[in-house]
Structure formats: structure tokens, C-alpha cells
Amino acid sequence: MTVIEARGLRKVYGKTIALDGIDLRVEEGRILGIIGLNGAGKTTALNAILGLTKYEGELKVLGRNPWSERNQLMRDVCFIADVAVLPRWMRVSQALDYVAGVHPRFDRAKAEGFLSRSAIHRNSRVRQLSKGMVAQLHLALVMAIDAKLLVLDEPTLGLDILYRKQFYDSLLNDYYDRSRTILVTTHQVEDVQHILTDLVFIDRGRIALNCGMEDFEQRYQEVIVHPDRISAARALKPMHERQAIGRHIFLFDGADRAQLAALGETHIPSIADLFIAVLAKASAEREGATR
Amino acid sequence: MNTQSNVTPEYSLDTPQIVPAAVAATRPLLWSVRRELWENNSIFIAPLTVAVLFVLGFVISILHEWSKMHAMLADPLTQQTALHFPFHAAAFALLLTSFITGAFYCLDALYGERRDRSVLFWKSLPVSDLTTVLAKACIPFVVLPLITFAMIIVAQTILFLLITAIALGNGISTAVLWPQLPLWKMWISLLCAVVSSALWYAPIYGWLLLVSSYARRATFLWAVLPPFALCVAEKIAFNTSYFGNLLSFRLTGWYSQAFTPLAQGGASPADPLASLTPGRFLSTPGLWMGLVFAAIFFAAAVQLRRSREPI
């Protein structure tokens with residue numbers, strides 16, 4: 001089943017083009033990471049998917065138009081848009097009561113189970129909790145909702161490494177079951193690299209890269225090249241070349257593995273490194289086009 | 001990539017499968033009203049404080065001006081005015097409190113959730129914008145009038161008991177006193193006052209909800225300045241003040257339309273129901289025009305909640 005299908009998705013704010021014709025297809029059971037710089041259009045894309053903003057172009061989420069059928073859609077879609085948006089005056093017990101009251105797919109016992117593993121008291125107000133605990137509470141609420149699509153927009157921004165790890169661990173262990181679909185944007189790409197099944201880079205409102213993680217691991221190779229083989233490495237047309245602590249690191253797209261192994265030590269690049277390489281390439285191409 | 005292969009949903013075995021029952025249409029609305037009450041306890045505290053202060057003030061004034069009170073009670077001409085005054089004053093003070101509380105509530109209702117970004121949480125739940133705004137509108141239209149009505153009845157009952165105790169202490173029999181204070185009739189009249197003021201103020205609450213869904217800052221200025229500017233512009237352009245009169249009629253009109261003003265009879269009539277003029281109130285075009293404007297403002301507030309982003 002296709003969960004999200006976008007064709008020519010556009011959004012313009014005044015003179016700023018936030019989304020410049022996005023085509024995207026997300027199948028059921030995928031965990032898609034959307035990576036981009038600030039202002040690249042990630043949040044706008046998610047807002048369009050969640051029916052929070054109007055858009056141009058075609059977009060279907062779970063077969064529905066998210067803007068005109070938002071009320072029905074929200075029974076099957078859940079989201080965490082930003083860290084710590086839970087109302088500060090609310091008590092934890094009130095949050096449970098309210099969500100149980102309005103959401104037909106909320107399993108209160110499940111949420112209580114998640115909370116019992118944390119240090120969050122039922123009687124505390126949200127304002128008394130640390131930022132990490134608020135994120136835990138929000139995740140507990142959201143994971144107890146039997147939704148088909150979960151959208152996470154920077155859910156761990158500003159949290160320490162321990163909370164971040166816990167957040168993604170429980171998402172994967174307690175929530176994800178291959179019939180659910182998860183969309184996540186984050187700047188802490190190293191946190192999500194091992195949990196994603198698909199990867200999309202957004203740059204200036206356009207999709208700069210769209211590939212499955214298996215494909216990613218097949219296609220991209222990073223090589224720490226011996227200093228005396230640099231010219232040989234350049235002959236293989238690397239995507240990107242950088243220096244770190246005196247070492248030359250080359251990133252290759254679809255190069256022959258045996259050839260690369262001869263150049264030096266190879267490994268799968270991090271998403272962050274690939275992202276920088278893709279962006280640098282796009283920027284070089286733009287400059288080439290304007291000259 | 002292999003971490004997810006051995007995942008089993010932890011709770012599927014020991015909790016019964018939740019069947020997504022069709023949530024009755026009113027359920028989200030009732031829960032949303034309840035959540036407004038959790039958030040805004042001033043809805044209770046403000047009228048309660050005023051009622052307590054009023055009763056205390058009444059007790060102090062009796063102790064303080066005992067001789068004056070005594071003289072008024074002794075004179076059959078002024079007796080009824082003296083007796084009725086604290087009851088009317090309590091009702092008036094609480095109705096005014098209710099209006100002010102409702103106005104400030106509305107002004108913050110759709111602005112506060114955008115300012116603290118909690119709107120992103122509310123919108124992640126299957127509660128439509130219409131339901132949310134309706135729940136918020138229920139506070140000044142339903143909840144506050146009910147609380148005000150109950151609070152006035154409690155305050156007036158306490159006043160009634162205090163006055164009875166004083167009268168008995170001064171040798172005035174209840175057979176003389178109680179016919180002067182027909183509580184049930186006063187409360188029917190009060191109910192009319194509560195309902196008619198809520199209906200009359202509907203466009204004001206609607207306007208304030210609209211402002212709170214629109215403004216990015218300074219909601220109070222947005223609420224007050226445009227009407228004020230219109231008044232000034234009208235005065236300068238045409239040297240008339242129809243709009244200003246319209247506004248002041250909007251603030252006080254429910255009383256002049258639903259009741260025979262006290263001043264006409266000199267003293268308050270013995271039968272509180274005699275001063276009711278429901279026919280005149282219901283046939284006032286101002287009532288219906290006001291409700292039409294309230295509906296327009298309300299619909300606009302729902303639309304704006306839909307499209308406005310957090311501040």
C-alpha cells in the first residue's frame with residue numbers, strides 16, 4: 001500500500017519558494033528520513049502531508065487529500081512536530097485522560113506501561129518535567145496510538161544523547177512493526193542512520209537524493225586513500241573529496257569495489273558525509289550553469 | 001538494519017485488542033470543554049472570589065452602618081429597596097465578573113495555544129478545528145453563565161440567611177420579611193438575565209475569539225483599537241456617533257431590552273417577574289443582528305485556526 005504519494009508538490013510563501021515540485025512515494029512499513037538544511041523545505045513538506053498547510057500539486061496521504069480531509073486523516077496519522085509542544089499547564093494524568101477521551105485508537109494501558117518505565121509522575125505538570133522527559137511523555141502518548149503513519153519533525157532537538165538514544169530505541173522496539181510507516185526529520189543524522197529504511201535529501205525545496213538504505217550501502221563507498229594514490233583515486237571520478245587530520249577521504253558513487261579497495265581502506269559513508277557531498281555537487285553544478 | 005527483525009509488539013499479548021469504537025460525535029467536544037476548564041481555572045476562581053468578597057463586604061457594611069440599615073428597615077417606604085439592594089448588587093457584580101472573565105478568556109483562547117506552540121499537539125489529535133473552537137466558545141456561552149448563575153444563587157442564599165438572622169434578632173418576624181424577598185421569582189428573573197446577557201454579548205465574544213485566532217501579538221489592542229478607530233473616523237467624517245452608540249448599546253442593551261428599568265417604577269416592584277419583558281428582548285433586531293455577527297466571527301475564527309501557524 002502506498003502511504004504517501006506526492007507529485008509536483010509546491011508551496012510558495014510570498015516570494016520564497018519553500019517547495020519546488022517534490023515527487024515522493026512512500027510505501028507502507030518504511031522508515032523514511034528526510035534530511036536537509038534549515039529552510040530547505042522539510043517542515044513545509046511535512047506540514048503539507050499533515051494537512052497543516054495548503055499546497056499546490058498532487059498529494060495523497062493514505063489515499064486522502066490531507067488539506068480537505070484532514071479530520072478523517074488524523075485518526076490514522078499521528079505526529080510530533082517539534083520538541084516540547086505539550087501544553088505546560090497540563091498534568092501527565094490529564095494528558096492521558098484527554099488523549100484517551102478524544103482518540104479512538106489510543107490504548108491507555110500501553111501508554112501507562114511506557115510511562116512506568118520512566119521517572120515521570122502521573123501528577124506532575126508538563127512544566128515541571130525536563131525537556132527530555134517531555135519528549136518521553138509525548139512519545140509514550142504517540143506510541144500508544146495505533147496509527148498507520150507517524151511523522152516526527154525534529155523530535156529530539158536539544159535533547160542529550162541518552163534521551164535521544166532511548167527515544168529511537170523505544171520507537172524501534174516498542175512501536176515499529178513493519179505495517180506502520182514513520183517519517184522523520186532531524187539534524188542529528190547519526191542517531192537515525194541505523195534505523196532508516198529510506199533516505200531523502202531536500203535542498204532548496206527540491207529532492208536532491210532519494211534512495212533506499214540498502215541501495216545506499218551498495219552504491220556509496222568512502223575510501224581513506226593512501227597519499228601516493230590520490231591521483232589514481234581522482235581518476236575514478238569521486239563525488240567528493242575532503243581532508244581530515246591529514247588524511248584524504250574520497251566518496252564514490254557506484255564505483256567498482258575491487259578498484260576502491262586497492263586505493264585504501266573503504267567503508268560505508270555516514271549520511272552526514274554523503275549529504276555534504278551531494279550538496280557540494282549540486283552547488284558546483286549550479287555555479288557551472290550560471291557561468 | 002537487523003534490529004527490527006525480532007521485534008514483537010510488547011503489549012499485544014497481555015492487553016486486549018482495542019477495537020476502535022466509533023467515538024460519538026460529542027465526545028471530543030465534551031473532552032475539549034473539560035480541557036479548557038483544566039487550563040483556565042480563573043473561570044471558577046474569579047466569580048468565587050467576587051462572591052466571597054461581596055458577602056464579606058455585606059457583613060462588614062451591616063456591622064458598620066447598622067443604625068442606617070435599621071432605620072431603612074423600619075420605614076415601610078424604603079424597606080423593600082434596602083432589602084433588595086444587596087441582592088441586585090450581588091447579581092450585577094457577578095454578571096460583570098462573568099463578562100470580564102469571558103472576554104479575557106476569549107482573547108487568549110486561540111492566541112495562547114499558538115504562542116506556546118501547543119496548537120501543534122492539539123492538531124495532532126483527531127479533533128477538528130470546528131470542535132475545538134466550539135469548545136472554546138462554550139466557555140463564555142454555556143459554562144460561565146452556568147457558574148455565574150449558581151454562584152449568584154449561593155451568594156443570594158447566604159445574604160437571605162444573614163438578613164433573616166438580623167431581622168429575627170430585631171424582632172421582625174419572618175412572616176413579614178420573607179414575602180418581601182420572593183427568592184424563587186428572583187431566581188427566574190436572574191435566569192433570564194443570565195441567558196439574555198450571554199446571547200446579547202455573543203458578538204463580543206465572537207469578535208474576541210476572532211481576534212485571538214488572528215493576532216500575532218497584542219491581542220488586546222487588536223480587539224479594542226479597530227472599533228475605537230471606527231468611532232473616531234465616523235466622528236471626523238460625518239460628525240455622528242452611530243457606531244459608538246451601537247457599541248454602548250451592545251454593552252448595556254440586554255438589560256434595557258429584557259427588563260423594565262428599575263428607575264421607572266421608583267422602587268423595585270414587589271414581583272420580580274413583573275419587570276421581565278421577554279417579548280421586547282426577543283423582538284429586538286439588535287439581538288438577532290448580534291447573533292448573525294457572532295456566527296460570522298465564529299466561522300472566521302474556525303477558518304483562521306485551520307490555516308494560522310504557531311507564532
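Here is a walk through the domains, the chain contact, a strand pairing, a helix pair and one glycine.

Keep in mind that this is a predicted model.

**Two domains in chain A**

Let's start with how chain A is divided. Where they touch, domain 1 of chain A puts in seven residues and domain 2 of chain A puts in eight. On the domain 1 side, the elements that give two or more residues are helix H7 (189-192) and strand S8 (198-203) of chain A. S8(A) gives the most to that side, with three residues. By class, the domain 1 side has four nonpolar, one polar and two charged residues.

**Strand S8 and its neighbours**

What does S8(A) pair with? Strand S3 (residues 31-36) of chain A runs parallel to S8(A), and strand S9 (residues 206-212) of chain A runs antiparallel to S8(A). The table puts these two pairings side by side.

| Strands paired | Direction | Bridges |
|---|---|---|
| S3(A) and S8(A) | parallel | five bridges |
| S8(A) and S9(A) | antiparallel | six bridges |

Ile202(A) turns up in both pairings: Ile202(A) is the bridge partner of Gly36(A), and Ile202(A) also stands opposite Ile207(A) in S9(A). S8(A) and S9(A) make a hairpin with two residues between them. In that turn, Arg204(A) has a positive phi of about 50 degrees.

**Where chain A meets chain B**

Now for the other chain. In the contact between the chains, 32 residues of chain A meet 29 residues of chain B. On the chain A side, the elements that give two or more residues are strand S5 (77-81), helix H3 (92-102), helix H4 (108-116) and helix H6 (161-175). H3(A) gives the most, with five residues. The chain A side divides into 17 nonpolar, six polar and nine charged residues.

What is the secondary structure of chain B? It comes to 15 helices and zero strands. Of the 311 residues in chain B, 32% are buried. Among the chain B contacts with a separation of 6 or more, 81% are between residues 24 or more positions apart.

**A helix pair in chain A**

H6(A), one of the elements on the side that touches chain B, also packs against helix H5 (residues 131-143) of chain A. The two helices meet at an angle of about 10 degrees, and their axes are 10 Å apart. Angles under 35 degrees count as roughly parallel, so H5(A) is roughly parallel to H6(A). Gly132(A), Ala135(A), Leu139(A) and Met143(A) are the residues of H5(A) in this contact, and they meet Tyr163(A), Phe167(A), Ser170(A), Asp174(A) and Tyr175(A) in H6(A). By class, the residues of this contact are six nonpolar, two polar and one charged.

**One glycine to finish**

Gly57(A) lies in strand S4 (residues 56-61) of chain A. Is Gly57(A) buried or partly exposed? Gly57(A) has 15 other C-beta atoms within 10 Å, so Gly57(A) is partly exposed. Leaving out residues up to four places away in sequence, Gly57(A) touches Ala6(A), Arg7(A), Gly8(A), Leu9(A) and Arg10(A). Thr290(A) is 233 residues from Gly57(A) in sequence and, C-alpha to C-alpha, 28 Å away in space.

Notes
Residues are numbered from 1 along each chain as its sequence is written. Chains are lettered from A and ligands numbered from 1 in the order in which they are written. This is a predicted model: local features need pLDDT of at least 70, side-chain atom pairs count only at pLDDT 80 or more; totals for chains, interfaces and linings use all residues. Helices (H or I, at least four residues) and strands (E, at least two) are DSSP runs, numbered from the N terminus. Ala, Val, Leu, Ile, Met, Phe, Trp, Tyr, Cys and Pro count as nonpolar, Asp, Glu, Lys and Arg as charged, and the others, Gly among them, as polar. A residue is buried if 20 or more other C-beta atoms lie within 10 Å of its own, exposed if 12 or fewer, and partly exposed in between; C-beta atoms are placed from the backbone. Two strands pair if DSSP finds at least two bridges between them. Axes are lines fitted to C-alpha atoms, for helices over the stretch in contact, and angles run from 0 to 180 degrees between N-to-C directions. Angles under 35 degrees count as roughly parallel, over 145 as roughly antiparallel, 65 to 115 as roughly perpendicular and the rest as oblique.
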